Amino acid sequence: MTTTTPSTDPPLPDLTFTPIPPTSEQFLPAYTLLTDSIAQYRSTLTLSLLYSRPLLTVPPTVLAAAYLLHSQDLSMAVILFVGYVIAVLSACGYLSYGYIERAEWMASRSGLGATLGGGREVVGAFWGEEVIGVVVFERGQDGEAVIYGWAVRLRYRGKGVGRGLLEKVAEMCGGRVRFAEDHVHSYRLPRVPAMFNKVFDKREAKAKSMLEDVLKSQ
């Protein structure tokens, strides 16, 4: 007769959604999730610049590679092609760097005041003691909640944490919730053409669709 050894693994922590007052030690880590999510827009935009419009990037790259490979000095051709790739990546990095500057501004005193001013409230998503998501909203005089910021730690995205935050706000505000027109993720870099921002527009549309679904299920 075989015996089963009881598992000694610790139990998984609970996922909870709790308001975070400004005096809480979890307030800064929660707010940092917002600034980090803006900084991550840089890599997203860089990929969009490189791949969202292949007709703009692939032909010049192929032509440059073909020209250099047919040159008589192969070692020089390799050096020039590597230089070309570095130049393209540097240009993308330059165009997208504004999101790093935006995140740094949000982390400053003036940015913090602009994002959280006016009596806005903060709700955090906690995986045990770790804050993994945050939503910033403001209640209007009519009781409607207006969301100004909403973010989930990268490795926890796609697991229902963001939806849980929206459900918590809807529960707190009687099912009356909407996204502000000037929420933190609505910011776009003025020097970047609109066609490269479609990846962000799709994210916004997905977030609004999720919120509508949450409100319908209340």
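Trainee: Which residues of α5 meet which residues of α6?

Mentor: W105, M106 and A107 in α5 meet R109, S110, G111, L112, A114 and T115 in α6, where contact means heavy atoms within 4.5 Å. Helices (H or I, at least four residues) and strands (E, at least two) are DSSP runs, numbered from the N terminus. This is a predicted model, in which local features need pLDDT of at least 70, side-chain atom pairs count only at pLDDT 80 or more, and totals for chains, interfaces and linings use all residues. Residues are numbered from 1 along each chain as its sequence is written, while side-chain values use heavy atoms, with hydrogens and water left out.

Trainee: Why are α5 and α6 called roughly perpendicular?

Mentor: Their packing angle is about 80°, and their axes are 4 Å apart. Angles run from 0 to 180 degrees between N-to-C directions, with axes fitted as lines to C-alpha atoms, for helices over the stretch in contact. Under 35 degrees counts as roughly parallel, over 145 as roughly antiparallel, 65 to 115 as roughly perpendicular and the rest as oblique. α5 and α6 are therefore roughly perpendicular to each other.

Trainee: What makes Y41 and Y99 an aromatic pair, and of which kind?

Mentor: Rings of Phe, Tyr and Trp (its six-membered ring) pair if their centres lie within 6.5 Å; planes under 30 degrees apart are stacked, over 60 edge-to-face and the rest tilted. Y41 and Y99 are 5.4 Å apart, centre to centre, with 75° between the planes, and the pair is edge-to-face. Y41 belongs to helix α2 and Y99 to helix α5, so the pair ties together parts that are 58 residues apart in sequence.

Trainee: How do you know whether Y41 is buried or exposed?

Mentor: Buried means under 20% relative accessible area, exposed over 50%, and partly exposed in between (1.4 Å probe, protein chains only). Y41 has 6% and therefore counts as buried; Y99, at 1%, is also buried.

Trainee: Why is the pair of W150 and F179 called tilted?

Mentor: The planes of W150 and F179 are 55° apart and the centres 5.8 Å apart, which makes the pair tilted. W150 lies in strand β4 and F179 in strand β5, so the pair ties together parts that are 29 residues apart in sequence.

Trainee: What places R120 over the ring of Y148?

Mentor: A charge sits over a ring if NZ of Lys or CZ of Arg is within 6 Å of the ring centre and within 35 degrees of the ring normal. The charged end of R120 sits over the ring of Y148, 3.5 Å from its centre. R102 likewise lies over the face of Y187, at 4.1 Å from the ring centre.
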